[in-house]
Amino acid sequence: MPDILLLEDETALGHIVQDSLETRGFTVRYAADGEQGLRLFRESCPDIVVTDVMMPVRDGFDLAAQIRRENSAVPILFLTARSQPADVVRGFELGGNDYLKKPFSMDELIVRIKALLNRLPAPPPVPAGPLAIGRYHFDHPHQRLRLADGSEETTLTHREAELLKRLHDERNQVLPRSTVLRELWGDDSFFNGRSLDVFITRLRRYLRHDPQVQIVNVRGIGYKLMV
């Protein structure tokens with residue numbers, strides 16, 4: 001079932017929209033300001049973000065810009081009473097995918113949500129050969145990492161290989177720490193978090209021969225493989 005992150009500072013309207021979407025089979029997480037919405041986005045990895053523009057703490061435009069720095073794919077639909085052409089243009093420039101002006105009908109909102117979800121790209125095909133990470137070749141199925149010149153090869157554990165694969169797939173973007181912990185460790189407890197830190201240190205050591213490849217910490221969010 002599609003998971004929607006809904007942001008609307010008018011709580012009465014927000015709950016009406018939430019209830020209407022949930023009765024039509026959507027899962028909806030609701031926030032009344034942009035800062036709370038950003039926290040929910042990082043925690044839940046929704047399929048689509050539906051956000052008002054004029055909100056307290058962090059407005060919808062600022063929220064969209066931050067989301068685009070962390071995720072280039074999730075659709076963003078703006079709901080707003082601001083109808084000036086400059087506002088619409090700015091929304092698209094910041095990474096929005098659609099713009100619905102208030103007042104709106106629920107039927108139109110649902111049609112637009114479904115259209116954006118249907119536009120999501122298909123998962124990329126599984127590559128036929130090793131993945132390139134700077135000067136390294138990463139053979140994910142066989143859990144091997146080697147320098148292109150063949151001078152060094154490392155056999156990874158299953159969890160090391162899965163972690164590196166996720167970093168590679170999201171390279172140059174932030175891979176949320178909580179997502180990795182839930183998918184590879186089962187939960188995001190403190191002790192599992194310390195274990196993840198150890199694995200990141202190991203991967204950095206394996207990749208140390210190419211200074212153009214770095215795994216950087218994004219404080220409070222996760223990790224980014226820079227290539």
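Me: Buried means under 20% relative accessible area. In this predicted model, is Asp3 buried or exposed?
Reply: Asp3 has a relative accessible area of 12%. The cut-off for buried is under 20%. Asp3 therefore counts as buried.

Me: Which residue forms a salt bridge with Asp3?
Reply: Side chains of opposite charge can pair when their charged atoms come close. Here the closest N and O atoms are 3.3 Å apart. The partner of Asp3 is Arg29.

Me: How many residues apart in sequence are the parts that Arg29 and Asp3 tie together?
Reply: The salt bridge joins Arg29 to Asp3. Arg29 lies in strand E2 (residues 27-31) and Asp3 in strand E1, so the pair ties together parts separated in sequence by 26 residues.

Me: What is the relative accessibility of Arg29?
Reply: Arg29 counts as partly exposed. That class lies between 20% and 50%. The value for Arg29 is 36%.

Me: Where is Glu8 found?
Reply: Glu8 is buried, at a relative accessible area of 3%. Leaving aside neighbours within four places in sequence, its contacts include Leu13, Tyr30 and Met55. Its place is the loop between strand E1 (3-7) and helix H1 (11-23).

Me: Which backbone nitrogen lies 3.0 Å from a polar atom of the side chain of Glu8?
Reply: The side chain of Glu8 supplies the polar atom. The backbone nitrogen 3.0 Å away is that of Glu10.

Me: Which residues are linked with Glu8 in a network of salt bridges?
Reply: Asp52 and Lys102 are both among the contacts of Glu8. The salt-bridge network links Glu8 with Asp52 and Lys102.

Me: Which strand and which helix hold Asp98 and Arg112?
Reply: The side chains of Asp98 and Arg112 meet in a salt bridge, 2.9 Å from N to O. The pair links distant parts of the chain, 14 residues apart: Asp98 in strand E5, Arg112 in helix H5 (residues 106-118).

Me: Which helix holds both Lys165 and Asp169?
Reply: These side chains meet in a salt bridge of 2.8 Å, N to O. Lys165 is buried at 19%, whereas Asp169 is partly exposed at 40%. They sit 4 residues apart, about one turn, in helix H6 (residues 158-169).

Me: How many aromatic pairs are there?
Reply: Rings pair if their centres lie within 6.5 Å. By this rule the aromatic pairs number 3.

Me: Are the rings of Phe78 and Tyr99 edge-to-face or tilted?
Reply: Their centres are 5.8 Å apart, with the planes at 50°. Planes over 60 degrees apart would be edge-to-face, and those under 30 stacked. The pair is therefore tilted.

Me: Which residues form one aromatic cluster?
Reply: Phe78 is buried at 1% relative accessibility. Tyr99 is buried at 8%. The cluster is made of Phe61, Phe78 and Tyr99.

Me: At what angle are the planes of Trp185 and Phe199?
Reply: The ring centres are 5.3 Å apart, and the pair is edge-to-face. Trp185 sits in helix H7 (residues 177-185) and Phe199 in helix H8 (residues 190-206). Their planes are at 90°.

Me: Which residue lies over the face of Trp185?
Reply: Trp185 is buried, at 12% relative accessibility. The residue over its face, 4.5 Å from the ring centre, is Arg159.

Me: Which residue's charged end sits over the ring of Phe199?
Reply: Phe199 is buried, at 11%. The charged end sits 4.6 Å from the ring centre. It belongs to Arg202.

Key. Residues numbered from 1 in each chain as written. Predicted model: local features only at pLDDT ≥ 70, side-chain atom pairs only at ≥ 80, totals over all residues. Heavy atoms only, no water. Helix = DSSP H or I, 4+ residues; strand = E, 2+ residues; numbered from the N terminus. Buried < 20%, exposed > 50% of the residue type's maximum accessible area, 1.4 Å probe, protein only. Polar contact = N/O pair within 3.5 Å; in protein donor to acceptor, adjacent residues only side chain to side chain. Contact = heavy atoms within 4.5 Å. Phe/Tyr/Trp six-rings, centres within 6.5 Å; stacked < 30°, edge-to-face > 60°. Lys NZ or Arg CZ within 6 Å of the ring centre and 35° of its normal. Salt bridge = Lys/Arg side-chain N within 4 Å of Asp/Glu carboxyl O.
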